[in-house]
Each structure stands twice: as structure tokens, then as C-alpha cells.
Amino acid sequence: MSRMSNSLFTVAISLLAAATAPVSAQSRIFKKTVKGTPVLMSINVISFGPNGLLLIGDGRGSQIVAIATGDTKAQKFSVKKIEAIVSVLAGKIGTTSDGIEILDMAVNPASKKVYFAIRKQDTKKHLILTVDGSGKVSEFQLDKVKHASLFLPKGEKAPVNRITDVAWAGDRVIASARANEEFASKVFVVPAPLSHEAKANIYSAETYHISHRRWETKAPMSVIIPFDEGGEKYVIGAFSCTPVVKYPISKLQPGAKVKGISVIELGSGNRPLDMLSYEKGGKSYVLANTYRFHHKKRPFGPSPYWTVRFERDLLGENSKINEKALRRLGSKGPSTDRITMVEAYHGVTQMDKLDSERAIILRASDAKKVDLEVIGLP
């Protein structure tokens, strides 16, 4: 549930969209659309852009589907907690918690509704359900929607087999993906305004994995967010084991093999799940939740799901990078107070920013029970 999650770019563009006429806002997003039911072979990830723009990453279909939801009327989100959210969602479509799988979750910043991509286990059908501020569950119908299908071209030897994240970056859509070839880590870019059946530009990404002490090409970015530094736009990606890396968007030229700049190491043995950017007390932070696949051997807390916060200024580092990058952990424990574990977010499997002060999270309280909670940003 990648997710990109309400980045500073999304906030800025959303505010701009709200200040202008809806037709003008839509013209900046779309150039050519069709109305109907998108053909989806899978849903790997979902995220939002401005003006209720829903982005769906479909790896099996080698496409990103951009949908104009029309869901732009903001409402107060008063619900604090929904226990056993999987059962609640399943009940809406007449099944039990064992009958669905939550694939991803994202908050629509325009309306504050929470969107869930789910798969119905008996039919393998993919659906989108929503939860509004009062806790009401509805289905977002995927028929008769205004949309644009954006195709992901094949790599040198193999097609994309999974989209790991997708994000709106102000003037383009960016997606990270995995393919079965030597340069398996792929980045796709589609410039806006978006045109139905447009083809994305494809780039191969090479990353210095700090904990492995080597350059790697196969591991895809698990999550991405846009980042602006001194007028230069970047894609920030987090990988398993867990380097945080930036790629200058200006370097993303068609067919290019792009080397990332590793700026932070969060700790080996972890897989990032979501990242979001926010401000608090006059400072900017990035929050990232992860899954620790070495939890039984060396736990970081009471759950294999743990969350870390780091100062966003660390992303601007340009000298202490790659093998010299800042590590969260030293030989005797935490090495810096600029990267901290957030105990209040232990057990969080998915998260997205709700507003300037709160996040929506899914928390696994045990192996079978997952609750939706509204929680303060740390």
C-alpha cells in the first residue's frame, strides 16, 4: 500500500486545484480520456493525485489506470477506530474476512475518504471500497468512469510483473516496478496531462545497497515519494534492507540506466511498506513503516511491523552518500537522533496521511485481527 502518499507535491497541487475552476484543474491532469470500465488484470497499489485523481498500478496488465473519481467534496473524518476492518469491508460485499484480501489502502486528500483495493477470493475479482468520515462503507463502482490507461512498455527481455508503487509528482505520474531481467528495478514516467493509451518512458535503476556494500539492479523500490530540493525534482525510493535513495528526475531520460544516490540506511532485514511526508513544530519529516523479516531472530519491537521517522532535510545530503551514508544503527545501537523509531506506530501494516495532524493506519493486533485507527502524526 504504497504507497506515495500525500507528498508535499500532492498537497501543493491539491491547493492549486481548489483555487481554480474544476475544468481547468482537470485539463492539467488529463488530455485524453475514455468513459467505461477499465480492464484490470490485477491491482498491486493505489494512490491519489490532485482533484480526486485515483491511480491504480496493474502489474499483470502492464499499466497504470488514472481515474477521475469526482470525489472532491471534503468532509470531517470523525471516526477514531473501526475494529476488525477486514470483516467490516467483507460484510459490504456479502462475504467474511477470509473471503477478501486487502491489497492496498490510500486516502483521497480531496474528500478525506479512505479507499481500499481488495480482491474477492472466490471470484478473484478486484474491487474498490471506501470508508467515509462517519465510518460508512461503500463500493466505488469501476464502470462508466472517466479514465486513462497508461501502458508500461516491456524491458529489454521481459515485461513488468509487479508495480510496487505509483505517485503523482506535480507534472507527471511516476511508478516503480519489477521485471525479470538483469536490470529488474524499473522506473516509469508519464508526463501530464495524461492521455489514454499513452506509453510510459522506462528507466532501469541501479542502487547502492549500504548494508550489502554493493551496487544492485534487481531489487525494486518498495515505496516512492516525490521530493523537491533547490528547484531540482527527485524521486525518493526505499528498498528492502533498507536504503533510502534519491533519483534526479532530470536524469530520467528514455532508455537510461540511472544510478541512485543512497542517503540513509534504516537497517538491514526490513522491507518498507509506505512513506509519507509531513510537517510538525516547524520541521519537516518523513514517516516510513516497514516489515521486519528478521523479527524472530532480532526484533526491533513487539511486532514485525515497525515505523521510523527521519528528518526530511537528510534527503538533501549530497556528500555523505552511498558507502558513507548515514546509518540509523551503529555497532552499539542508534547512531543518530535524526532517525527515530516511533513506538506508537508498532504493528502498522498500512498507513496514509489524513490531514496535517493525523494519519489513517491499519494495525495488526494479532495474526487474524486488523483494526483501522486514526492516529496523530508523531
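This briefing covers strands, sheets and nonpolar cores in one structure. The model is predicted: local features need pLDDT of at least 70, side-chain atom pairs count only at pLDDT 80 or more, and totals for chains, interfaces and linings use all residues. Residues are numbered from 1 along each chain as its sequence is written, and side-chain values use heavy atoms, with hydrogens and water left out. Helices (H or I, at least four residues) and strands (E, at least two) are DSSP runs numbered from the N terminus. Two strands pair if DSSP finds at least two bridges between them.

**Antiparallel sheet**

- An open sheet of 5 strands runs in the order E3-E12-E6-E5-E4, with antiparallel pairing.
- Strand E3 (34–36) and strand E4 (45–48) are at the edges with a single partner strand each, so one side of each has no neighbour in the sheet.
- On average, neighbouring strands of this sheet are turned by 30° against each other, direction ignored (axes are lines fitted to C-alpha atoms, for helices over the stretch in contact, and angles run from 0 to 180 degrees between N-to-C directions).
- Strand E6 (residues 63–68) pairs with strand E12 (residues 145–151) in the antiparallel sense over 6 bridges, and Ala-68 stands opposite Lys-146 in E12.

**Mixed sheet**

- Another open sheet has 5 strands in the order E19-E20-E21-E23-E27, and its pairing is mixed.
- Its edges are strand E19 (223–229) and strand E27 (326–327); each has a single partner strand, so one side of each is left without a neighbour in the sheet.
- Strand E23 (residues 261–265) pairs with E27 in the parallel sense over 2 bridges, and Glu-265 stands opposite Arg-327 in E27.

**Strand E32 and its partners**

- In strand E32 (residues 358–364), 5 of the 7 residues are buried, so the strand is largely enclosed by the rest of the structure (buried means under 20% relative accessible area, exposed over 50%, partly exposed in between, with a 1.4 Å probe and protein chains only).
- Strand E31 (residues 348–353) pairs with E32 in the antiparallel sense over 5 bridges, and the two form a hairpin with 4 residues between them.
- Asp-352 has Ile-360 in E32 as its bridge partner.
- E32 also pairs with strand E33 (residues 370–376), in the antiparallel sense over 7 bridges; Arg-358 stands opposite Gly-376 in E33.

**Nonpolar cores**

- The largest nonpolar core has 25 residues, and Ile-360 and Leu-362 are among those with the most contacts inside it (a core is a set of buried Ala, Val, Leu, Ile, Met, Phe, Trp, Tyr and Cys residues joined through side-chain atoms within 4.5 Å).
- Elements that each supply at least two residues of this core include helix H3 (85–92), E32 and E33.
- A second, separate core of 23 residues includes Ile-64, Ala-68, Trp-168 and Ala-177.
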